[in-house]
Each structure stands twice: as structure tokens, then as C-alpha cells.
Amino acid sequence: MTEKNNSQDARITFQELKSLLKAIFVNNRTSSETADILAENCAACERDGVLSHGIFRVPGYVDSLRSGWVNGLTVPDVARLGPSFIRIDARNGFAQRALASADPLIRRTVREAGIAIVATRNSHHFSALWPDVEPFALAGYMAITAVNGLANVVPHGGRQAVYGTNPIAFAVPVYNAQPLVIDQATSVMANGEVRLHALANNPVPDGTGVDRDGNPTTDPHAILAGGALNTFGGYKGSSIALFVEILAGAVTGGQFSFENDFTGFPGAQTPKAGQLLIVIDPNWGGSTNFESRLALLCAQLADAGQDRLPGARRFTNRAAAEQFGIPIAMDELQRLRTLASKG
Ligand code: NDP
């Protein structure tokens, strides 16, 4: 790692950051295996510039683990119910650990059946979704996922939060290029982004959310203090959030966002969230040159004037981090080192 003496900023390698994060998780009631998965996930978000789900999230993870709301020591229960359906009970652990446990079975299922539907319940999701789908695109598959969360989004025309920020992600391979990866909240803004605005005391754009009385506000503090976010795209986006709520909260046998109840777990922050993941082998659809077809579509978008594809910013950040290291503020680094050394 390089440190600049008179500067606030340092650079850290992915492996160094991952090791620090793993030590922090292990120090906070997490098994080595789960800590490794969470650390990889969190370090990857920081490396790719998804700062709303990188090291910014560490205090939330730690507080949730210490509160006993989420179980970092649990082992998920994975069951294949038929040719293509996999059901996971995360046993109150993290969704990423559940997915990692099922990964070999998911890949085998897609090879055998052309599709794997993975329904995870009793799980917590506190991160970005792209790490859950991108690896399948890198293996030549198409992956779609939906996650619900903590009720902090009002339905279109409503005054009371019902949905989580209910993100969706999609990844697909492209010939001779990085995969195309779309990963977005169905709220106007992800909750982590609102919190970053609040930390910086920056207003959020008009239309982002409402205060505790249901009145429109651009104050991120008001949105966080009993207010709520709006869904993107008016009633159409609201219906997509509803769709996600059903996929992640009901098809999985999980719970709805509004059923999250942290009472009795002071400090808890990780929402209990179901996750539906669908992985498809696109070659079963009859196209013999699927990835080339995707390359043609992407080229058409560029010709039409789209200046970049979803996911491209992350790949650019990743390449820069691999070359120069991941930028990190010195006080952040010190904070992580202190947490990591508290064995
Ligand atoms: P953004 O609005 O920043 O980005 C959404 C998607 O649009 C990304 O795929 C992004 O690609 C792409 N994109 C952004 N700008 C452009 C552009 N100009 N042209 C083409 N594509 C573009 O994401 P959100 O704020 O909605 O979500 C941020 C993160 O928060 C996500 O990773 C999401 O999974 C996570 N999240 C997690 C939740 C949870 O409960 N676990 C809840 C809600 C959100 P790129 O990444 O390359 O910028």
C-alpha cells in the first residue's frame, strides 16, 4: 500500500482492503467463510466506485451483527426442489453467503435444465446487486435478480412507505467485451446515496422523496428521519417496485419490506430481504451466436448516441484501481485498521 504523508488520501490494494474487512467481520461474530464473502463483496464495491455499498457500510454491518439481528455464524440450507428450482433458507444470515453456498448447484442446474430459479428467504441484503449477477455473465449465462428490503419508499400517490428501495440487476455476456450489467434501485435514489447526501449536507434533487408527513422534500435528513423515497418513473416505476416486492418478498416465501421490525435490536441496520435470482443459459433460446448478437445491440446503442453502457463506469474504476490501487481517505483507513485489530 502507498501512503502519501501530507495528504488525506492513500491507495490500498484490493487484497489489503479485503483482508482488513475480513478481520473486522471475524471480530464481529462472523464465521471465517461468511467474513470472506462479505469482505470480497464490500471491497469489490469500493474498488468499482459503488461507494454507497463499500466501506461506508462497515459500521452498519458491525452494528447489525453486534445487535444479534443478523447471524454471521449461521450456515444456509440449500435444497433443489425439481429440475430448475432451488430454495434457500439463509437462516437469518446474509444473502451473499446463501448464494455462495448454492453457487455450484446453480451452475449445475443451469447446465442440466437451461435455467435455475433461486429463491432465498430469511436473508439479509445490505449491498449492491451486481456482484450477485456479474459472475454468471462472465460464465456465459444471463442472470436477473430482485431484492426487497426495509420499507422506505412510498408507492405512487401514497404517503406511507410500503416498499424497500427494491433493487433489480441484470447481467449478460457480450462478445469480446465486458458483460453488460444493469444494477439499480427502483427508488429515485438508493438509500445509501441519500445517506451520503445527508453526511455532506447536500440537498437531494426535487422529486426524490417526502418528509414524515408525506410532503415533498429535498432535505436528505427529512427523508431519513421518518420520511420516505419515491419510486422512479411515476406509476410505472411504482409497479416495478411492486413487482420486485412480490418476487423477492412472496415468491421466495420471505417477508414484505413493511414486515421488517428491528424492535429489540438496537443498532440493527441490515434489512431482512428476500432475493429471487434467475440464471439462464441463453444458448437454449435458439441463438447460436448470442454474445455476438449482444455486441451488435451494444454497438447500435453507441451509434444511436448512448455515451456509455450500464456497468461501464464500474469496469473503468476497476481497471484504474487495479493499476493505481483503491483510493481511500487516511482517516477511513485508520478507522478500518482499528476495527480490524480489535480481536
Ligand atoms: P445508479 O442510478 O447509480 O445506476 C443504476 C444503473 O444505471 C447502473 O447499472 C449504472 O451503471 C447505470 N448508469 C448510470 N448512469 C448511466 C448512464 N449515464 N448511462 C448508462 N447507464 C448508466 O444506481 P442506484 O443509485 O439506483 O443503485 C446504487 C446501488 O445501490 C446498486 O448497486 C444497487 O444494487 C444498490 N442497492 C442495494 C439495495 C439493497 O437493499 N441491497 C437497495 C437499493 C440499491 P454503473 O454502475 O456503471 O454506473
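In the predicted model described here, Gly209 stands opposite Thr217 of strand 11, where strands are DSSP runs of E with at least two residues, helices are runs of H or I with at least four residues, and both are numbered from the N terminus. Residues are numbered from 1 along each chain as its sequence is written, and side-chain values rest on heavy atoms, with hydrogens and water left out. Because the model is predicted, local features require a pLDDT of at least 70 and side-chain atom pairs count only at pLDDT 80 or more, whereas totals for chains, interfaces and linings use all residues.

Strand 10 (residues 209-210) and strand 11 pair in the antiparallel sense over two bridges, pairing being assigned if DSSP finds at least two bridges between two strands. These strands belong to an open sheet of four strands with mixed pairing, in the order 7-12-10-11. The edges of this sheet are strand 7 (153-154) and strand 11 (216-217), each of which pairs on one side only. In general, the strands of a sheet pair through backbone hydrogen bonds, either parallel or antiparallel.

Further antiparallel pairing involves strand 8 (residues 168-172), which is joined to strand 6 (residues 142-147) over four bridges and to strand 9 (residues 180-184) over five bridges. Within strand 8, Ala171 is the bridge partner of Ala143, and the bridge partner of Ala171 in strand 9 is Val181.

Six aromatic pairs are found in a search of the whole structure, the criterion being that the ring centres of Phe, Tyr and Trp (its six-membered ring) lie within 6.5 Å, with planes under 30 degrees apart classed as stacked, over 60 as edge-to-face and the rest as tilted. Among these, Phe25 and Tyr61 form an edge-to-face pair, with 5.2 Å centre to centre and 85° between the planes. Since Phe25 lies in helix 1 (residues 14-26) and Tyr61 in helix 3 (residues 58-67), the pair ties together parts that are 36 residues apart in sequence. Both Phe25 and Tyr61 are buried, a class defined by a relative accessible area under 20%, with exposed being over 50% and partly exposed in between (1.4 Å probe, protein chains only).

A tilted pair is formed by Trp69 and Phe262, with 4.7 Å centre to centre and 55° between the planes. Trp69 is located in the loop between helix 3 and strand 3 (77-80) and Phe262 in the loop between helix 8 and strand 13 (275-280), so this pair ties together parts that are 193 residues apart in sequence. Trp69 has a relative accessible area of 8% and is therefore buried.

Phe25 and Tyr61 also take part in one aromatic cluster together with Phe94 and Phe126.

Side chains of opposite charge can pair when their charged atoms come close. The count of salt bridges comes to 14, each being a side-chain nitrogen of Lys or Arg within 4 Å of a carboxyl oxygen of Asp or Glu. In one of them, the side chains of Lys18 and Asp36 meet at 3.4 Å, N to O, which links Lys18 in helix 1 with Asp36 in helix 2 (residues 32-48), 18 residues apart. Lys18 counts as buried because its relative accessibility is 11%, while Asp36, at 27%, counts as partly exposed. Lys18 also forms a salt bridge with Glu40, the closest N and O atoms being 2.7 Å apart. Here, too, distant parts of the chain are linked, Glu40 being in helix 2 and Lys18 in helix 1, 22 residues apart. With a relative accessibility of 35%, Glu40 counts as partly exposed.

Arg314 also forms a salt bridge with Glu134 (2.8 Å, N to O). Through salt bridges that share partners, Arg47, Asp48, Glu134, Arg314 and Arg318 are joined into one network.
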